Amino acid sequence: MSEGLAGIHRVGLSDAEYERLADLVRKWMGVSLEERNRPMVASRVQKLLRSTGLSSVSAYCDLLERQGDPAAIGRFVDRITTHHTYFYRDADQFEAYRREYLPEILRRIESGGNRDLRVWCAAASTGEEPYTLAIIAQEVLGNAAPQWKTGVLATDISVGVLEQARRGIFAVEPLARLPEAWQQRWFRPLDAERVQAVKALRDEVVFRRFNLLDPLPFKQPFHFIFCRNVLIYFNPAMRREVLSRLRDKLAPGGYLFLGSSESLVPQEYGLERARASVFRRPLHG
Ligand SMILES: C[S@@+](CC[C@H](N)C(=O)[O-])C[C@H]1O[C@@H](n2cnc3c(N)ncnc32)[C@H](O)[C@@H]1O
């Protein structure tokens with residue numbers, strides 16, 4: 001018996017229980033749990049069991065499966081998902097966005113006679129990514145910003161991270177990845193260790209719960225979709241499905257950003273490669 005399996009039996013998650021939980025996770029989140037995830041799931045489910053007062057994993061699965069208990073499902077999803085993120089993750093992508101793609105799209109929108117920039121951050125986690133996108137739009141537009149609609153839509157499946165993101169409170173140290181001038185302008189100290197995004201910045205980001213496996217409810221297409229470091233958790237069929245839907249919600253000439261370790265075959269989705277892990281919908285097609 002491997003080390004990992006010995007660990008599983010200590011926390012008491014049988015094959016049948018693990019399969020049942022894995023089925024739920026696949027169904028709700030598109031995430032395929034593997035054997036190596038079992039110890040993590042087992043220990044998190046034990047904690048959830050204690051908090052619900054239930055005595056068995058099977059009773060807990062019954063609770064999750066029962067119709068109309070989204071709160072319990074939400075707590076489960078919060079515990080199982082990985083929310084790891086940080087400011088300016090994959091800095092070269094943010095730089096290309098700031099210097100190249102965003103100015104290009106702003107010019108195109110303006111030449112089309114409106115000033116409505118549409119940006120969607122589709123796995124926003126605790127907010128570092130969407131707040132950075134909002135800051136970049138304000139900084140690039142400068143004095144013209146008040147004449148534009150620039151709000152960033154930030155979605156995530158996890159209610160817990162969204163609540164945290166809305167507060168906009170961050171530790172001082174990781175913020176140092178942002179330029180000093182941005183830190184000064186867009187964040188205020190709360191105490192020696194924490195800062196908070198100023199209200200003007202918090203107002204620029206709309207946080208909503210959204211499961212990427214659900215049909216996209218948005219009517220208008222987006223100029224930019226950031227869907228970084230989440231597709232890696234989906235199985236290939238779900239990844240394809242989600243990518244096709246994202247592609248359909250890209251405006252002509254719009255850009256899709258994936259995580260730096262994620263990719264796709266652009267032709268399969270009618271996209272062009274702009275740079276590693278960044279894809280563009282052709283202007284015509
Ligand atoms: C690793 S974080 C990535 C955060 C950020 N995009 C980045 O690149 O730093 C993945 C996020 O995807 C969210 N997530 C997982 N499955 C999801 C789904 N089916 N729909 C929407 N969000 C999901 C998780 O809650 C988590 O916050």
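Leaving aside neighbours within four places in sequence, E129 is in contact (heavy atoms within 4.5 Å) with F94, C121, A123, F226 and R228. The model is a predicted one, in which local features need pLDDT of at least 70 and side-chain atom pairs count only at pLDDT 80 or more, while totals for chains, interfaces and linings use all residues. Residues are numbered from 1 along each chain as its sequence is written, and side-chain values use heavy atoms, with hydrogens and water left out. E129 lies in helix α7 (residues 128–141); helices (H or I, at least four residues) and strands (E, at least two) are DSSP runs, numbered from the N terminus. With a relative accessibility of 5%, E129 counts as buried, a class defined as under 20% relative accessible area, with exposed over 50% and partly exposed in between (1.4 Å probe, protein chains only). The side chain of E129 forms a polar contact of 2.6 Å with the side chain of R228. A polar contact is a pair of N or O atoms within 3.5 Å; within protein, one must be able to donate a hydrogen and the other to accept it, and residues adjacent in sequence count only if both atoms are side-chain atoms.

E129 is also among the closest residues to the ligand, together with T85, A123, D156 and N229. In total, 21 residues surround the ligand, each with a heavy atom within 4 Å of it. Polar side-chain atoms lie 3.1 Å from an oxygen atom of the ligand in the case of H83 and 2.6 Å from an oxygen atom of the ligand in the case of T85. A polar backbone atom of A123 is 2.8 Å from a nitrogen atom of the ligand. Of the 610 Å² of accessible area that the ligand has on its own, the protein covers 99% (Shrake-Rupley method, 1.4 Å probe; for residues, only the protein chains shown count as cover).

F94, a contact of E129, is one of the buried residues of helix α6, which also include Y97 and Y101. The buried residues of α6 pack against α7, β1 (119–121), β7, β8 (250–258), β9 (272–275) and β10 (278–280). Helix α6 (residues 91–111) has 21 residues and spans 29 Å from its first C-alpha to its last, close to the expected 30 Å, which is 1.5 Å times one less than the number of residues. A kink of about 45 degrees is centred on Y97, the bend being the angle between axes fitted to the seven residues ending at a residue and the seven starting there.
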